[in-house]
Amino acid sequence: MKGRGSGSYGTLTGPQLFLLGGSFLITVGSFAVLPYMSVLLHDRFGLGLGVVGAVLAVASLVQFSGGVVGAALAARIGLRATMLVALAVRTAGFAAFVPGLTRPVVAVAALFLVSCGAALYLPANKAYLVAGCGHERRPGLLAASGSAFNAGIALGPPAAAPFVLTSPAGLFTGVAVLFALVGAGHVLLPSVADEGGGVEGRTDRAAEENGAAAGSRLPPFAFTVLAVYVFMFFQHYLALYAVPRTSTAFYGAVLMGYAILLVVAQPLLARRLAALPYATALRLGFGAMAAGTAVLALGGRAGIAVGAVLLCLGEIVLFLKNDLEALARSTAPSATVFGRQRLAAGLGAFAAAVVGGQLYGVAERAAAIPVFWLVVSAQAVVLPALLVVWEGGSARRRAGDGPVAAHRPR
């Protein structure tokens, strides 16, 4: 079954169209609930903010790092079966929120079920989407997947806002039913083989040499950790910074504009990003993030809006290019590659949560919050540069050891 598509997407198959639509619905359902968990756990269940923070931090780490487990499961039982298991787990999790409304322990267990389901689903979903596709089609497909997820992220919270506090049981039930229906649709998907990221049959050594020719021998895993680390400062602390300086309405408009730009621009730029040398993409992406966080330090509506646009461009470049480069360099199954990338994102997000709170607290106590963004901007420049310098030194040491090793007695 063929669907219609054009541009960087190529011709989309029926299963691919279903997965893209399902990704949108899944994210709408998830973000109809998850952004409000801190409110529910604290206000409804009376849990202390410290406990709430710890629960959400661990749940986030499970959701990201568990992608490695999802990849291993996909290698064992297949992509479609893994998605079905994941959706069953997430459906059970959202359904468990209903009895959890009167039992905090059940609500926390439900949150972890939802996080585990997300960890299992995402690597298999992306791997299924690009299965059997050459490298020329991957950028458009992954960009379309990112747009579907981000559109759901943008729509979910406002769609649920009228119900999350007034009728949460109905909201949780509706989301569980939505996940059950999407899961039933996955049953009809044909089975596909995960042929691996290196569809063109390149060896690991050839892929490494290609990366070196592009300007960097470093694995995309390391740059994904750094990209998410820098980005999550913006994600976590923009509200604290922007709302007192502007208004909640302006902050909401910035988030909406950010989401629209991300959804529209990423597919349009996908082919061009794929054609960029990796080193060039890294310079552009981290440069945009450094510039964006520096502009945020100016404050005011213009500074916040322009800073958000620059950070959005940095996200588009780095998140997509790192995934594409990880696929191109590896002959491992695609689900394994995406699972590793999710782990990298989790490490970056966790580090940003730990470091960001301390930095923001220091800046706030010193009445110099704009300096916080300048420190983040400096990190976006310095940390990737240090990583490249470190790898360059390691490469020279390896090259220096080569001839000596060749003459060692055996």
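Biologist: Where is the place of Leu84?

Modeller: This is a predicted model, and in it Leu84 sits in helix H5, which covers residues 79–100.

Biologist: Why is Leu84 called partly exposed?

Modeller: Its relative accessibility is 26%. Buried needs under 20% and exposed needs over 50%, so Leu84 at 26% lands in between and gets called partly exposed.

Biologist: What is Leu84 in contact with, leaving aside neighbours within four places in sequence?

Modeller: Gly183, His186 and Val187. Contact here takes heavy atoms within 4.5 Å. There's a C-alpha distance too: Leu84 and Ala180 are 96 residues apart along the chain, with 9.9 Å between their C-alpha atoms.

Biologist: And Gln379, what makes it count as buried?

Modeller: The relative accessible area of Gln379 is 14%. The cut-off for buried is under 20%, so Gln379 makes it. Gln379 lies in helix H15, residues 369–406, and beyond four places in sequence it's in contact with Tyr229, Phe233, Leu359 and Pro384.

Biologist: Which residues make the nonpolar surface patch?

Modeller: Leu61, Phe350, Val354 and Val355, with about 300 Å² of surface. Helix H14, residues 334–365, gives the largest share, 3 residues.

Biologist: How do you know that Val355 is partly exposed, and what lets it into a patch?

Modeller: Val355, in helix H14, has 31% relative accessibility. That falls between the 20% and 50% limits, so Val355 is partly exposed. A patch residue needs over 30%, so Val355 at 31% clears that cut-off as well.

How values were computed
Residues are numbered from 1 along each chain as its sequence is written. This is a predicted model: local features need pLDDT of at least 70, side-chain atom pairs count only at pLDDT 80 or more; totals for chains, interfaces and linings use all residues. Side-chain values use heavy atoms; hydrogens and water are left out. Patches are made of residues with over 30% relative accessible area and no salt bridge: like charges are joined within 9 Å, nonpolar side chains (Val, Leu, Ile, Met, Phe, Trp, Tyr) within 5 Å. Accessible areas come from the Shrake-Rupley method with a 1.4 Å probe; for residues, only the protein chains shown count as cover. A salt bridge is a side-chain nitrogen of Lys or Arg within 4 Å of a carboxyl oxygen of Asp or Glu. Helices (H or I, at least four residues) and strands (E, at least two) are DSSP runs, numbered from the N terminus. Buried means under 20% relative accessible area, exposed over 50%, partly exposed in between (1.4 Å probe, protein chains only).
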